[in-house]
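These notebook entries record what I looked up in the structure. I began with the cavities, then turned to a sheet and to a single residue.

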Amino acid sequence: MMGTLTTLAYGTFRETVRDRLFYLVGIFGFIMLASTAVLSPLTIGAQSKIMVDVGLAAMAAFGLLVVVLVGSNMIRKEMDKGTIVTILARPVGRRQYLIGKFLGLNLTLACMLALMGGLFSLVLLVAPGTFSPAYLGAIYMALLEMVVINAVVVLFSTCVSAPLAAVATLGVFLIGHLSQSIRDFGDMQGTPLQQKIFAGLYYLVPNLEVFNIRGAVVHGDPIALAQFGIATVYCLGYAALLVILAGAVFRGKGLR
Amino acid sequence: MQQVVNIPPRTAPDPRTETPKALGGSEVQHTPAGVPALEVVDLTRDFRSGFRRKRQRGIEGISFSVPPGIVFALLGHNGAGKTTTINCILDLVHSGGGRVRIFGREHTEPSARAAVGYLPERPYFFEHLSGRELLRFSAGLLHMDRARQAKEIPEILATVGLEEAADQRLRKYSKGMLQRIGLGQALLGDPDLLILDEPMSGLDPVGRRQVRELLQGLRDRGKTIIFSSHIVPDIEMLADEVAILNRGRLVAHHPLADLNRSTLYEVQAVIPSNREPQVLEGYTLTRHGGAVHIQADGVEELNGLLTLGAERRWKILGVGTRRSGLEELFMQTRDQGEAKS
């Protein structure tokens, strides 16, 4: 079981690393981080805040871009091209296959965020000299968020075409960050039916604000350790649920 | 419903309980004694197509059994249901009904496929990998340890003639090279059962011959091989048994030896006129230049004719197939299918 998952995950990781798109996004991310170093002198008195804010936001944005672009194609491309059949003709279960692909993309994301985070930390240490370990916490939270989004894209890519999976995943991302606001809006303004719909949406879509500590980190607000624990459990639970659901959908799928 | 022409298959040559020494490996794989390598019972598969998702029958009521150690061919024209049958066997598409067992185990269990090597029709692999990396990836899925990989992968690359291109990315491989690396990944782990979908398609004459010789070698080592093809001579050269599919139904299942009995052969010989008397009465003769072409109906008559030629010192120029028994049967089943539709 573990051998199969490791093989599939490493295979996916290697594919994304050799994917030119991944390199482009990575390079672009690094350029963005570098540009913050150039722009920050223009913002007198708030240099470090601007750099941290833009840097963390850029990492989250490029992480999302990789998940959506690579994740939506990851399984669908194999189904369309037929590479999947030589894998599933082996003693590999369909759920194993999905988990392997999911883990592989997570590995890619972790490596990418680690690289970008390393560069980000280096820039902060060298330029204004205001590095804080809380920044690493924000990067960790960004990774957890990407893991959930990865699970969402895996689920969608087993059901619909790659472009549709990408659009639907972006929709979940947006709603996921606005879910509390949507619910509050429904409670305040809506009819009872609307309230129920908004409440349903709130529970159905992952609450991605759980992972958002960027504002607090930028302003130097304290962050309780428990928040990391809750976010980790929430991420793992939600992602596991979605991957199990994706496995159930994928089990009934004809591959040729 | 078409009538299935079904001659009871002959006993499999050497049904075995264990395979010979693994290709490049030291492990001996055990297969249960007396259990068919593959058992397909009443396999059915429907498709939905078009805007209204109309149901169409892909294959219907396919049943056959493949004893261990034989070469079994699925013959049919394009669209007859060969690939669908293979995809159902490997659970790549879900059958609408029926049962499939691989060495006695349900085909839906992933572990049942541990003993299977598969080459898809039009093989397509990860283009970002090299041939060697693809084999390593496949070996990982088989839980093969590094020592065995290090021994087996170079041997397989040599077997399929891709040693020099082993470190080239697959995107640079030609169609024939992809077919060969596909065959290589199917051979990995020394599987007891090989399922090959059109293994000779896309290969030049040299490649076809190499694959044929490779499969013959595997057959001699006691491997069970199931392959699909629409090319009759390939099947005649390789298979022990053949099942003919037409419009999604199995319409005939024969041992090749039985079909060869009804093959029409032709012996080309130079016969001195004083040695060409009444002995050839009853044979169909034609003359081309200085040679006489004599037709023999079936293997036994051919053997008789060759013995006669040796006794009377004919100069035999060649022996050919005038009309193959399998080809005749194939055409016959196709015509029957068209007449009934």
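Entry 1: I count Ala, Val, Leu, Ile, Met, Phe, Trp, Tyr, Cys and Pro as nonpolar, Asp, Glu, Lys and Arg as charged, and the others, Gly among them, as polar. The model is predicted, so local features need pLDDT of at least 70 and side-chain atom pairs count only at pLDDT 80 or more, while totals for chains, interfaces and linings use all residues. Residues are numbered from 1 along each chain as its sequence is written, and chains are lettered from A in the order in which they are written.

**Entry 2: cavities.** I searched the whole structure and found five cavities of 30 Å³ or more. A cavity is a set of points, on a 1 Å grid over the protein atoms alone, where a 1.4 Å probe fits but cannot get out; lining residues have an atom within 4 Å of a point. A volume is the space filled by probe spheres set on the points, which are joined across faces, edges and corners.

I noted about 70 Å³ for the largest cavity. Its lining includes Leu8(A), Glu78(A), Lys101(A), Phe126(B) and His128(B). Helix 1 (residues 2-17) of chain A gives the largest share, five residues; helices (H or I, at least four residues) and strands (E, at least two) are DSSP runs numbered from the N terminus. I sorted this lining into four nonpolar, three polar and four charged residues.

The second largest cavity has a volume of about 50 Å³. Among the residues lining it are Thr86(A), Ile87(A), Phe125(B) and Gln185(B). Helix 2 of chain B supplies the largest share, four residues. By class, I recorded six nonpolar, three polar and no charged residues.

**Entry 3: the sheet.** I traced an open, antiparallel sheet of four strands in chain B, with the order 3-2-5-6. Strand 3 (54-66) and strand 6 (105-106) of chain B are its edges, each pairing on one side only. Two strands pair if DSSP finds at least two bridges between them; two bridges join strand 5 (residues 97-102) of chain B to strand 6 of chain B. Ile102(B) stands opposite Arg105(B).

**Entry 4: Gln210(B).** I located Gln210(B) in helix 5 (residues 205-220) of chain B.

Definitions and conventions. Side-chain values use heavy atoms; hydrogens and water are left out. On a 1 Å grid over the protein atoms alone, a cavity is a set of points where a 1.4 Å probe fits but cannot get out, and a pocket is an open set with protein on both sides within 12 Å along at least five of seven lines; lining residues have an atom within 4 Å of a point.
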